[in-house]
Amino acid sequence: MTPPARTSGARHHIVSILVENKAGVLARVASLFARRGYNIYSLAVAPTDDVKLSRITIVVDVESSPLEQILRQLDKLINVVDIFELAPEDATEREMLLATVSATPEDRGQVIGLVGVFEGKIVDVGRERITVMLAGSPSKIDDFENLIRPYGIVELQRTGRVALPKLERRSSRLRSVAGGSPDPA
Amino acid sequence: MKLTGAQALIKSLEMQKVEVIFGLPGGAILPVYDPIIDSSIRHILVRHEQGAGHMAEGYAHVTGRPGVAMVTSGPGATNIVTPLADAMMDSIPMVVITGQVPTTAIGTDAFQEVAITGVTMDITKHNWLITDVNDIPRVVSEAFHVATTGRPGPVVVDFPKDIANQTMDWYWPSSLDELDLPGYHPQTTGDTAEVRRAAELMLAAERPVLYAGGGILKARGAEALFELATRTGIPVVTTLMGRGTFPDSHPLCLGMPGMHGNYTAVTAMQKSDLLIALGSRFDDRVTGKVSAFAPEAKIIHVDIDPAELGKVRRPDVGIVGDARIVIGQILEALSASGLGAAPSHGAAAVPAPGTLAASRPDLSPWLAQVRAWQEEFPLTYNQVEGGALKPQYVLEQLRDMSPEDTIVASGVGQHQMWASQYWRFNHPYTWVNSGGAGTMGFAVPAAIGAKVGRPDKTVWAVDGDGCFQMTAQELVTASAERIPVKIAILNNAYLGMVRQWQELFYAERYSEVYLSPDLPDYVKWAEAMGCVGLKVESAEEVAPAIEKANGIDDRPVVIDFRTDAFEKVYPMVPAGSSNDDIIVGPAEGDGGR
């Protein structure tokens, strides 16, 4: 799997889904995207402060009009409690990266320097390699990934993004889909 | 009270007032079949699990109560997948209990193991795998609640064998609060402001049409629709799933729209300036080419399922809610605007002076136009004396010789379209068919389920020869269980609808559609299954055979009507075409074939 180094395209949508913390729920959610042939770009799932509920954060490449239909169908799933679609500009998004990078004695100082600039952490050190950790906005992670790539990425893993609505929103694109009638736009 | 899981399951079904289970036992479901012996619930032993599913559907269609089917794991469960998909498409409440291998064996490719919750994920409203014996009463309650509320649909409860043998302390959820459904809250009442806008649009329209679908039947809303149509004087089309929601005998009823709808129903929708969609979903068989569908019409769309609003056509007014309740709200809003109830039931209302309703456009030019289309373009066929037997003639005879509230079940294909066109449905819940999924073989088992649900009514299945061969074995079930359904096979020796398309769109190149009129011998087959078998080859024989069949009430009857293989279903809107391009009948010179 080679994900493109692009996480903020125009067609990206962030969907935040509050679901029951039960077996099979993720499969039901994923199936609604799969049946239409849409690939899920990134996915993060974890329990919320209420142990009976989990939050699924999905980033998906899809046009707005089929997405609206998918959101309504997701909301019909019995295990889905609530859905929000977050416009990227209205969301606080974070993602974490773990990367093992080639760091020969002559490069090591530069790699450590980059980690410092990006406020990451060195979490493991070997003779020729180091493993670094970085949390931040997806675009910051992208930048970091591009800058360390020339040193030689041995392995890289990103978590997929989690997102919450920004507290001061300028537009009103945050909307709950639950039970609503369509906006007549 | 200590119960085994199997006993708890059966007791839970009894608590849900289930009166009949359609099913077939097998290894994984064996423990559950033991307490059935002691239960008040009737079990009907089918010959194939697909039959159980369609019987449950037929039962649900005519009673409004959820149909219940029970099968074993693996192939038992996969055999009922088609009925589940069928019920999902047509919003039929159905609860299917599937046996499953023991929880300890799940995932090991055990004998007769299929992960049926995964298989049925997209064709059920919801499904459950029971993993704790103590969950049984709650999950069964949830299953029936989900199947029957909101937009109804099928559910599956997968029941592992070891759970059936464990014991639990019996309880029964005393209220919905004890169910664990935090994400399930169907909205039944429409938004008041939207309802008011709907009433305003209705009072402003010059060429309105009520587009009545199966959702009205699910909502038990036929009476409300009758009041809405008659008070406003707005004509009604009834979709394939909505036949019977509004009586065909009423002057405002235009009949079925769509690919094989009548000219008036199709064209009235095309030319209308306001479509009021009630429990209907703009199916491709109704709209034809969507971009050319009813181009001048504003849309009011009422549906209990929020995902239907805007799915195909964006509504001008979209209302989420139960069709019966929302129609009631619209009637109130109309009253508030000056169009109150008429002095006598079923008459048009007189607007109160000085109200919005008083300045309402006169609908009489529109209704005159509709009448003119009806006169110019009626449904036609030509039964020549001594000529080949026309299927439409058989249906008209069957209709005229059977009680008015006869329940008609059909399979899928030409015979289904003719049945919908030529029957006169004057009562709701008298038409049982597979609309969305188009499941061949639906008719025989669905008719059996309908007769179980309404033993007081005459039940005719109108079937094709191709369909009949798919599920005919259930007539053995009907004979054994003394369920006297009647089957009219319109036997044209072909997969007729496919043949029609090959004739019209594939240059008469008939690929794999010929079936033979007498292989199998339908009369002998019927007799072998314990039914009375009759054969009809000419128009004169039709009435005597139907009379004989209607007089038999102690066993099923099958009539093999040998009909004209060349007859085609008209009108027809070719797939993907605009409804404006409706073909009313055969081309010149083609009519005698």
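This note goes through a predicted model point by point, from the domains of chain A to some backbone details of chain B.

1. Domains of chain A. Where they touch, domain 1 of chain A gives nine residues and domain 2 of chain A gives six residues.

2. The domain 1 side of that contact. Three strands of chain A give two or more residues each to the side of domain 1 that touches domain 2: β1 (12–20), β2 (40–47) and β3 (53–61). β2(A) has the largest share, with three residues. By class, this side of domain 1 of chain A has six nonpolar residues, three polar residues and no charged ones.

3. Contact between the chains. Chain A puts 18 residues in contact with 22 residues of chain B. On the chain A side, two or more residues come from each of α1 (25–34), α2 (64–76) and β4 (80–86) of chain A. Helix α2(A) gives the largest share of that side, four residues. The side of chain A that touches chain B consists of five nonpolar, eight polar and five charged residues.

4. A sheet in chain B. An open sheet of six strands in chain B has the order β3-β2-β4-β5-β7-β6, and its pairing is parallel. At the edges are β3 (42–45) and β6 (126–129) of chain B, each of which pairs on one side only. On average, and with direction ignored, neighbouring strands of the sheet are turned by 20 degrees against each other. Four bridges join β6(B) to β7 (residues 154–160) of chain B in the parallel sense. For B:Leu129, the bridge partner in β7(B) is B:Asp158.

5. Helices on the sheet. Helix α3 (residues 49–63) of chain B packs on the sheet and touches β2 (20–23), β3, β4 (67–71) and β5 (94–100) of chain B. The direction of α3(B) makes about 170 degrees with that of β4(B). Helix α7 (residues 136–148) of chain B lies across β5, β6 and β7 of chain B. The angle between α7(B) and β7(B) is about 165 degrees.

6. Nonpolar cores. The largest nonpolar core contains 206 residues. The residues with the most contacts inside this core are B:Ala69, B:Val157, B:Leu225, B:Leu278 and B:Ala488. Leaving out residues up to four places away in sequence, B:Val157 touches B:Val95, B:Ile97, B:Trp128, B:Ile130, B:Val139, B:Val140 and B:Ala143.

7. A threonine in a loop. B:Thr245 sits in the loop between β10 (236–238) and β11 (253–255) of chain B. B:Thr245 counts as buried because 33 other C-beta atoms lie within 10 Å, and the cut-off for buried is 20 or more. Apart from its neighbours within four places in sequence, B:Thr245 is in contact with B:Ala212, B:Ile216, B:Leu217, B:Ala222, B:Leu225, B:Thr238 and B:Pro428. One of these, B:Ile216, is 29 residues from B:Thr245 in sequence but 6.9 Å from it in space, C-alpha to C-alpha.

8. Cis peptide bonds. Most peptide bonds are trans. In chain B, the bond from B:Leu519 to B:Pro520 is cis, with omega near 5 degrees. B:Pro520 is in the loop between α21 (496–505) and α22 (522–528) of chain B. The bond joining B:Tyr570 and B:Pro571 is also cis, and its omega is about -5 degrees. B:Pro571 belongs to the segment after β20 (557–562) of chain B.

9. Positive phi. Most residues other than glycine have a negative phi. B:Lys17, which is not a glycine, has a positive phi near 60 degrees. This lysine, B:Lys17, lies in the loop between α1 (5–15) and β2 of chain B. B:Lys17 is exposed, because 9 other C-beta atoms lie within 10 Å and the cut-off for exposed is 12 or fewer. B:Tyr429 is not a glycine either, and its phi is positive at about 65 degrees. The loop that holds B:Tyr429 runs between α17 (414–422) and β16 (431–432) of chain B. Here the surroundings are buried: B:Tyr429 has 21 C-beta neighbours inside 10 Å and so counts as buried.

Conventions
Residues are numbered from 1 along each chain as its sequence is written. Chains are lettered from A and ligands numbered from 1 in the order in which they are written. This is a predicted model: local features need pLDDT of at least 70, side-chain atom pairs count only at pLDDT 80 or more; totals for chains, interfaces and linings use all residues. Two residues are in contact if their C-beta atoms, placed from the backbone, lie within 7 Å. Ala, Val, Leu, Ile, Met, Phe, Trp, Tyr, Cys and Pro count as nonpolar, Asp, Glu, Lys and Arg as charged, and the others, Gly among them, as polar. Two strands pair if DSSP finds at least two bridges between them. Axes are lines fitted to C-alpha atoms, for helices over the stretch in contact, and angles run from 0 to 180 degrees between N-to-C directions. A nonpolar core is a set of buried Ala, Val, Leu, Ile, Met, Phe, Trp, Tyr and Cys residues joined through C-beta atoms within 7 Å.
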